[in-house]
Amino acid sequence: MRIIRNIFKLIIASLELVFLLICLSNIWVFGLTNGRTYNKISKIPPREIALVLGTSPRMRSGVSNPYFTKRMDATALLYHHGKIKKIIVSGEKSKGYNEPAAMKNYLIYQEGVPEDIIIEDPKGFNTYKSILRCKDIYKKKNVIIVSQGFHNLRALFFARNNNMNALGFDAQDVNKPESFYRNQSREILARVVAVVYFVLGISPD
């Protein structure tokens, strides 16, 4: 019985540590990014360029991905209101799949954004790589990051820790309950991973 009690205590202690890590990591991310995300176009200060984080243009069913279209809407809004001068569309490009090209085409043909201000980054395989390439490859630090609000916090955490003068502009979220809760839960854990990698000095490839 003593062994069982000890095992039970160990499990409880481990769960408490995990819960504490989750809480502290998310508090750190929220604290570092507080006041740097916007959802009203009239409130966000202008920046040189927008960094648009990629996502699949279509769902598995083949229908248009609302997360994708809302990010494009938000990006076009920034441009048409004079908040940005250029746009980096960053995402994955692989055989038969090209997020940056899809973003660029949508912005040109659906949103009326000039082609010559859009830069394609085909190696934005994850959030961290998109942020780092914006700074190191394209030499841009004064940026507005465009994604949904739950994602922008982690993106800004990466940007702030890489000495970028970044703001976040939140694209409209998708209101389906299953999408909302799934993404919020996943992002809570993703922030923990981001914090742990930062503390350990590991690149989250």
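Which residue caps the N-terminal end of α3? In this predicted model, the cap is Asn 98, which places a side-chain oxygen 3.0 Å from the backbone nitrogen of Ala 101. The protein chain has six helices and eight strands, and along the sequence these follow the pattern α-β-β-α-β-β-β-α-β-α-β-α-β-α.

**Overall build**

- The C-alpha trace of the protein chain spans about 70 × 40 × 35 Å along its principal axes, and 43% of its 205 residues count as buried.
- Among the contacts in the protein chain with a separation of 6 or more, 71% are accounted for by residues 24 or more positions apart.

**Nonpolar cores**

- The largest nonpolar core holds 24 residues, and the members that touch the most others are Ile 44, Leu 78, Ile 87 and Phe 169.
- At least two residues of this core come from each of β2 (49-53), α2 (66-80), β3 (86-90), α3 (99-109), β7 (142-148) and β8 (165-171), with α2 giving the most, namely five residues.
- Another core, of 21 residues, lies apart from the largest one, and Leu 53, Tyr 128, Tyr 138 and Ile 145 are among its members.

- Helices α2 and α3 pack at an angle of about 55 degrees, with their axes 10 Å apart, which makes α2 oblique to α3.
- In passing α3, α2 makes a right-handed crossing, and the contact is made by Phe 68, Thr 69, Met 72, Asp 73, Thr 75 and Ala 76 on the α2 side and by Ala 102, Met 103, Tyr 106 and Leu 107 on the α3 side.

**Helix α4**

- Helix α4 (residues 127-136) is mostly covered, with seven of its 10 residues buried, and these are Thr 127, Tyr 128, Ser 130, Ile 131, Arg 133, Cys 134 and Lys 135.
- The cover over the buried residues of α4 includes β2, β3, β6, β7 and α5.
- At the N-terminal end of α4 the cap is Asn 126, with a side-chain oxygen 3.2 Å from the backbone nitrogen of Tyr 128; Tyr 128 is also one of the members of the 21-residue core.

**Helices α1 and α5, and Arg 154**

- Helix α1 (residues 2-33) and helix α5 (residues 149-161) pack with their axes 9 Å apart and at an angle of about 70 degrees, and the two are therefore roughly perpendicular to each other.
- Trp 28, Val 29, Phe 30, Leu 32 and Thr 33 of α1 make this contact with Leu 153, Arg 154, Leu 156, Phe 157, Arg 160 and Asn 161 of α5.
- Arg 154, which lies in helix α5, has a relative accessible area of 15% and is buried, because buried means under 20%.
- Apart from its neighbours within four places in sequence, Arg 154 is in contact with Val 29, Thr 127, Glu 187, Ala 190, Arg 191 and Ala 194; of these, Val 29 also belongs to the α1 side of the contact between α1 and α5, and Thr 127 is one of the buried residues of α4.

Key
Residues are numbered from 1 along each chain as its sequence is written. This is a predicted model: local features need pLDDT of at least 70, side-chain atom pairs count only at pLDDT 80 or more; totals for chains, interfaces and linings use all residues. Side-chain values use heavy atoms; hydrogens and water are left out. A nonpolar core is a set of buried Ala, Val, Leu, Ile, Met, Phe, Trp, Tyr and Cys residues joined through side-chain atoms within 4.5 Å. Buried means under 20% relative accessible area, exposed over 50%, partly exposed in between (1.4 Å probe, protein chains only). Helices (H or I, at least four residues) and strands (E, at least two) are DSSP runs, numbered from the N terminus. A polar contact is a pair of N or O atoms within 3.5 Å; within protein, one must be able to donate a hydrogen and the other to accept it, and residues adjacent in sequence count only if both atoms are side-chain atoms. Axes are lines fitted to C-alpha atoms, for helices over the stretch in contact, and angles run from 0 to 180 degrees between N-to-C directions. Angles under 35 degrees count as roughly parallel, over 145 as roughly antiparallel, 65 to 115 as roughly perpendicular and the rest as oblique. A crossing is left-handed if the near helix is turned anticlockwise from the far one by less than a right angle, and right-handed if clockwise. Contact means heavy atoms within 4.5 Å.
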